[in-house]
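Subject: Structure handover

Hello,

Here is the structure for you to look over. My notes on it follow below.

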Amino acid sequence: MTIKQKAIIWTISGSDCSGGAGIAADIKTGHGLGVEVCSLITANTAQNSSQLLAVNPVSIEILQQQYEVLIEDKSPTVIKIGLVANVEQVVWLTQAIKALKQQVNGLIVVYDPVGQASVGGNFHSLSLNELTPLLKVVDIVTPNLAEAQALAQLDDISESKQLAQRIYQAFAINAVIVKGGHSEQQGVSSDYCYHQLNQIKQDNQDKLHQAISYQLSSARIDSHYSHGGGCSFATALASFLALGYLVRDAFTLAKAFINQGLKASVDLSASKQHQYYGAFEQLGWPHSSEDFPQVVDDIHRQYHDLPAFKSLNLNGKQLGLYPVIDSLAWLKRLLPLGLEIIQLRVKNLPEDELEQVIAQAVELAKDYNTRLFINDYWQLAIKYGAYGVHIGQEDLMAADLAQIQRAGIRLGLSTHGCYEFLLAQQLQPSYLAIGAIFPTSTKDMTGQIQGLDNLAQVLTLRPNDKAKQIPVVAIGGINLARAPLVAATGVESIAVVTSITHADDPEQAVAQLQVCINKT
Ligand SMILES: Cc1ncc(COP(=O)(O)OP(=O)(O)O)c(N)n1
Ligand SMILES: Cc1nc(C(=O)O)sc1CCOP(=O)(O)O
Ligand SMILES: [Mg+2]
């Protein structure tokens with residue numbers, strides 16, 4: 001058996017003697033998510049379910065000792081900072097992070113700016129001015145609404161978006177996630193992330209403008225067993241980042257982790273007569289689709305009342321092998337092979353030639369029972385009555401989905417990770433593609449390689465009721481050796497380019513790949 005080296009995160013925060021928050025929450029969270037958690041304790045807090053009695057900061061000397069032993073053989077991938085107790089600690093921590101960033105390539109620092117205890121009382125009396133040097137070296141902050149108002153210096157604003165933007169601009173923070181757990185919004189908990197895709201802390205300021213935002217929303221779950229929920233969110237986020245997830249996916253998984261824990265806490269809450277403030281339940285990797293949030297996005301605001309796209313009408317058959325080819329010659333060669341689906345993916349053809357190719361492709365496919373999807377060119381797909389169109393995430397906003405729907409042609413959507421998968425699933429397309437499963441030479445998919453575990457994970461994001469599940473296609477780097485592993489996840493279809501177009505015998509490659517995917 002090979003044992004995989006675990007990713008290491010450091011938590012730099014306070015100890016909570018009641019065991020619910022701080023270091024205790026961080027260790028339970030990280031452990032359940034499969035990362036190794038090392039701790040640097042900043043303070044020993046005396047608290048229980050009704051009061052915060054004392055915060056006893058540790059000295060800089062003790063912090064330095066913890067740092068020195070850890071850096072020797074437990075270098076972190078991600079650092080999560082929680083309670084920082086005084087100005088001396090801010091100064092020390094700022095220097096330590098600067099030094100670590102020189103030493104550890106790609107280090108990410110997440111700061112959960114805990115200020116007040118939920119049972120009342122302050123953890124520190126640091127002013128914003130005093131905290132600013134630290135804020136300027138961290139990459140991600142995860143304030144709740146009150147903490148965001150303090151960081152943004154906008155006490156009368158309760159809109160997460162505005163607060164996040166202000167914090168982002170004031171401190172050049174790579175991602176600001178404003179948690180909605182304590183907001184006044186009726187029945188809904190909405191978390192907002194303002195994120196700059198390129199790492200500005202090691203880059204130039206021009207890129208400040210390329211920010212993108214993500215909003216996730218769930219039904220509010222009220223539980224008195226939520227002590228340490230904020231720490232757990234930040235540590236879950238840090239753990240998912242350490243495991244290699246992009247910010248948008250780590251954010252989504254962390255929100256699902258919190259929903260899962262809060263739901264488990266509800267029963268415990270109910271069993272207590274009075275409002276005992278118990279510890280948040282850390283239950284490991286979130287698996288149930290019901291714990292995952294809704295993605296709130298402009299595209300959904302625009303299309304919230306659009307009905308589901310037409311189905312692929314498989315009548316119990318498996319979608320199977322999905323060749324993606326780039327010419328009429330390939331289409332003519334593959335159509336007679338009895339495939340359920342083929343995609344024409346043409347790049348860089350002059351406009352008039354492109355239109356001719358699409359028109360002819362649709363005409364050719366009419367003599368076969370193969371579903372022909374046109375990649376990218378949705379207007380031409382509608383014009384020539386193609387069976388369907390495949391659209392990528394980058395083209396989603398520009399495409400007129402209502403027009404595609406009215407034209408009665410099917411829609412396939414690309415996704416890369418759980419955030420995009422949830423977003424696309426809400427649009428109810430005819431199929432969902434997920435990639436790139438493996439590295440591929442066909443397209444630059446840097447940073448978006450899913451692996452088999454992620455493929456299996458997104459498949460669980462579909463509703464439990466099989467009849468309501470949208471078929472999923474796996475794509476990217478799939479060859480004959482890997483196809484059985486992909487098929488074993490239960491995915492309905494595998495899409496391939498080079499495994500067919502670069503094969504010595506493409507017809508044989510089709511037959512062999514078909515066997516792999518249709519066997520399951
Ligand atoms: C089945 C399938 N999945 C994903 C893609 C990729 O589409 P997109 O993201 O639009 O990228 P391009 O193919 O246009 O480069 C696909 N074509 N088919
Ligand atoms: C076109 C494409 N889209 C991907 C995605 O993940 O969205 S991966 C990919 C390339 C697929 O080619 P091959 O089978 O040669 O690896
Ligand atoms: Mg495309």
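Let me start with a helix pair. In H3, Val 87, Val 90, Leu 93 and Thr 94 meet Glu 130, Leu 131, Pro 133 and Leu 134 of H4. By class, that contact has 6 nonpolar, 1 polar and 1 charged residues. Please keep in mind that this is a predicted model.

The geometry of this pair is as follows. H3 and helix H4 (residues 128-135) pack at an angle of about 20°. Their axes are 8 Å apart. The two helices are therefore roughly parallel, since angles under 35 degrees count as such. The crossing of H3 and H4 is left-handed.

H3 has another partner. Helix H2 (residues 60-73) packs with helix H3 (residues 87-103) at about 25°, and their axes are 10 Å apart. That angle makes H2 roughly parallel to H3. H2 passes H3 in a right-handed crossing. On the H2 side, the contact uses Ile 60, Leu 63 and Tyr 67. On the H3 side, they meet Glu 88, Gln 89, Trp 92 and Ala 96. By class, the contact of H2 with H3 has 5 nonpolar, 1 polar and 1 charged residues.

Next, H1 and H7. The axes of helix H1 (residues 22-32) and helix H7 (residues 229-242) come within 9 Å. They cross at roughly 40°. That makes H1 oblique to H7. H1 passes H7 in a right-handed crossing. H1 brings Gly 22, Ala 25, Asp 26, Thr 29 and Gly 30 to the contact. H7 brings Cys 231, Ser 232, Thr 235, Ala 236 and Ser 239. The residues of this contact divide into 3 nonpolar, 6 polar and 1 charged.

Now the sheets. An open sheet has 10 strands, in the order E3-E2-E1-E4-E5-E6-E7-E8-E9-E10. Its pairing is mixed. The edge strands are strand E3 (52-57) and strand E10 (294-296), and each pairs on one side only. Strand E2 (residues 36-47) runs antiparallel to E3, joined by 5 bridges. Asn 44 has Asn 56 in E3 as its bridge partner. H7 comes back here, because that helix packs on the sheet. H7 touches strand E1 (8-16), strand E4 (78-81) and strand E5 (108-111). The direction of H7 makes about 175° with that of E4.

There is also a barrel. 8 strands close into it, in the order E11-E12-E13-E14-E15-E16-E17-E18. The pairing is parallel. Neighbouring strands are turned by 25° against each other on average, direction ignored. Take E13 and E14 as an example. Strand E13 (residues 371-375) and strand E14 (residues 388-391) run parallel and are joined by 3 bridges. Ile 374 has Val 389 in E14 as its bridge partner.

Two ligands come next. Which residues come nearest to ligand 1? Of the 16 residues around ligand 1, they are Gly 392, Ser 414, Ala 433, Ile 475 and Ala 495. Strand E11 (320-325), strand E15 (410-415) and strand E17 (472-475) each give two or more residues to this shell. These three strands are listed in the barrel order too. By class, the shell around ligand 1 has 6 nonpolar, 7 polar and 3 charged residues.

Ligand 2 has 16 residues around it as well. Gly 435, Thr 440, Thr 442, Gly 476 and Thr 498 come nearest. The shell around ligand 2 divides into 6 nonpolar, 9 polar and 1 charged.

Last, two backbone points to look at. Most residues other than glycine have a negative phi, and most peptide bonds are trans. The peptide bond from Gly 435 to Ala 436 is cis, with omega near -15°. Gly 435 is also one of the residues that come nearest to ligand 2. Ala 436 lies in the loop between strand E16 (431-434) and helix H15 (451-459). Gln 153 has a positive phi of about 55°, although it is not a glycine. Gln 153 is found in the loop between helix H5 (145-152) and helix H6 (160-171).

Best wishes

Notes. Residues numbered from 1 in each chain as written. Chains lettered and ligands numbered in written order. Predicted model: local features only at pLDDT ≥ 70, side-chain atom pairs only at ≥ 80, totals over all residues. Near = placed C-beta within 6 Å. Helix = DSSP H or I, 4+ residues; strand = E, 2+ residues; numbered from the N terminus. Nonpolar A, V, L, I, M, F, W, Y, C, P; charged D, E, K, R; others polar. Axes fitted to C-alpha atoms, helices over the stretch in contact; angles between N-to-C directions. Parallel < 35°, antiparallel > 145°, perpendicular 65-115°, else oblique. Left-handed = near helix turned anticlockwise from the far one by under 90°. Contact = placed C-beta atoms within 7 Å. Pairing = 2+ DSSP bridges.
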